[in-house]
Amino acid sequence: MTEELPFEALSVETLAARLGGNDALCAKIGRDTGAWKVREVGDGNLNLVFIVEGDSGAAVVKQALPYVRLVGDSWPLPLKRSFFEYHALTRQEARAPGSVPAIHYFDERQALIIMEYLAPPHIILRRALIDGRQLPNIARDIGLFMARTLFRGSDLHMAAKDRKADLALFADNVELCDITESLVFSDPYFDAKMNRHTSPQLDGLVAELRADRDLKVEAQRLKHMFAANAETLLHGDLHSGSIMVTDTETRMIDPEFAFYGPMAFDVGMLLANFWMSFFSQRGHEQKGKRDAMRAYLLGVTVETWSVFRAEFSHLWRTERTGMLYQKSLFEDQGDKLGAEQALDHVLHQMWTDLLGFAGIEVHRRILGLAHNADFETIADEDLRASCEAKALKFGRHLAVNRRQIHSIDEVNQLAALIEQESSI
Ligand code: SR1
Ligand code: MG
């Protein structure tokens, strides 16, 4: 494939012919295209994803489509999201080495990235949690990833000139931001066209939430923050479907929603996905109780936030080289306490905001267009609705009362209490 040809979507049938001359791919998997085995495995909402196996290895070929795959060509979406994904992956690798798949090749015109194949036993984290698997390292690995990428992509660390150039580059990721702005922050709270929910079981609660003035105001305040607070380069879609795991490894994938936004967004979205998994476990108890899994998931939220805070604080003390909270104002004058006071303030603000983002992430996965397999794979609709209703109540509490919640233990106690309620 040459970069001069116009965009054309790959298929299982055409991939070998079109990429057979690609040196980067051949170097990884072998030149004998007759031996290549190609599978399309994309199960996300947007793109094509192929696994290509040759006689000396395998690779992933990910290609954007000019529309939203989940909806079809009635919803056009620019190919340039592949450009943002590529640039986000290179920055994440530099800021948190080893946390993302290695990139072998990028073709902007064809909107394709050839990258490392994370072979089995790698599995999507969401799938593992649905299966009731307790992964020992995820809290540490994801906590470190978030602290390193969010801190090192901000004015706490970068030279202002470099950060502003990067901000300008990612500012063009307009259409993917627009998806989040609509699907996450607004659509769940009115009768938007593509919304769906488990009906009729949730109809009453959904109507209540859509009439909830405090909730809607809070969702819009969070949207305002998302749109106006260009604090750092976010992953932008850091849910459990964007993470691949084994018992010993954790890799973040799919950062096509990357843009400069508030640090608390990535952390809130991620924790929301652990809490949703927690509330969905009741629906996956056919082969046995999930009490231990529920305890594990709450433990993961505690550890993730604790690792995040510790690493962020470490970077604050050792890598605060940007124009914010300059050392010349604090440590250089012998005022270490001043720097610690400022750190406490930043972390406290992030805590309050992440709870809000977590609350509305829970809502949009139950009320909006893009649902989670955690709940969707619960075949019994009454049981599913009961899990979802509890999660919705939990999300509402987080979003509306976030300024009055002081610790993650408090959040988890609330989650446990709501989960124990007998019915919707
Ligand atoms: C139309 S895209 C729907 C969702 O899929 C992606 O994974 C993002 O989470 C987006 O909101
Ligand atoms: Mg994705």
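Is glutamate 340 buried, partly exposed or exposed, and what is its relative accessibility? Glutamate 340 counts as partly exposed, at 26% relative accessibility. Keep that residue in mind. One caveat before I go on: this is a predicted model.

Let's stay with glutamate 340. Its side chain forms a salt bridge with arginine 317, and the closest N and O atoms are 2.7 Å apart. Glutamate 340 sits in helix α12 and arginine 317 in helix α11, so this pair ties together parts that are 23 residues apart in sequence. Arginine 317 is partly exposed too, with a relative accessible area of 43%.

Now the network. Arg282, Glu285, Lys289, Asp291, Arg294 and Glu419 are joined into one network by salt bridges that share partners. One of its pairs is arginine 282 with glutamate 285, at 3.7 Å from N to O. Which of these two is buried? Glutamate 285 is, because its relative accessibility is 15% and buried means under 20%. Arginine 282 has a relative accessible area of 22%, so that residue counts as partly exposed.

One more pair. Arginine 251 forms a salt bridge with glutamate 249. The closest N and O atoms there are 3.0 Å apart. Here the arginine is buried: arginine 251 has a relative accessible area of 10%. Glutamate 249 is partly exposed, at 29%. How many salt bridges are there in total? The count comes to 36.

Next, helix packing. Back to α12, residues 336–367, and this time its partner is α14, residues 381–401. Their axes come within 7 Å. They cross at roughly 150°. Angles over 145 degrees count as roughly antiparallel, and therefore α12 and α14 are roughly antiparallel to each other. What is the hand of the crossing? α12 passes α14 in a left-handed crossing.

On to the backbone. Two cis peptide bonds to show you. Proline 120 and proline 121 are joined by a cis bond, with omega about 15°. Proline 121 is in the loop between β7, residues 112–116, and β8, residues 123–124. Serine 199 and proline 200 are also joined by a cis bond, and here omega is about 10°. Where is proline 200? Proline 200 lies in the loop between α7 and α8.

Now phi. Aspartate 254 has a positive value, near 60°, and this is a residue other than glycine. Look for aspartate 254 in the loop between β11, residues 250–252, and β12, residues 259–261. Aspartate 254 is partly exposed, with a relative accessible area of 23%. Tyrosine 325 also has a positive phi, near 50°. Tyrosine 325 is in the loop between α11, residues 291–318, and α12. Its relative accessible area is 30%, so tyrosine 325 is partly exposed.

Last stop, the surface. Which residues make the nonpolar patch of about 210 Å²? Leu70, Val71 and Met194 make it. Methionine 194 is in the loop between α7, residues 174–183, and α8, residues 203–210. That is the loop where proline 200 lies as well. Methionine 194 is partly exposed, with a relative accessible area of 32%. Patch residues need over 30%, and that is why the 32% of methionine 194 is enough on accessible area.

That's my tour. Over to you.

Methods
Residues numbered from 1 in each chain as written. Chains lettered and ligands numbered in written order. Predicted model: local features only at pLDDT ≥ 70, side-chain atom pairs only at ≥ 80, totals over all residues. Heavy atoms only, no water. Patch = residues over 30% accessible without salt bridge, like charges linked within 9 Å, V, L, I, M, F, W, Y side chains within 5 Å. Areas by Shrake-Rupley, 256 points an atom, 1.4 Å probe, with all protein chains shown as cover. Salt bridge = Lys/Arg side-chain N within 4 Å of Asp/Glu carboxyl O. Helix = DSSP H or I, 4+ residues; strand = E, 2+ residues; numbered from the N terminus. Buried < 20%, exposed > 50% of the residue type's maximum accessible area, 1.4 Å probe, protein only. Axes fitted to C-alpha atoms, helices over the stretch in contact; angles between N-to-C directions. Parallel < 35°, antiparallel > 145°, perpendicular 65-115°, else oblique. Left-handed = near helix turned anticlockwise from the far one by under 90°.
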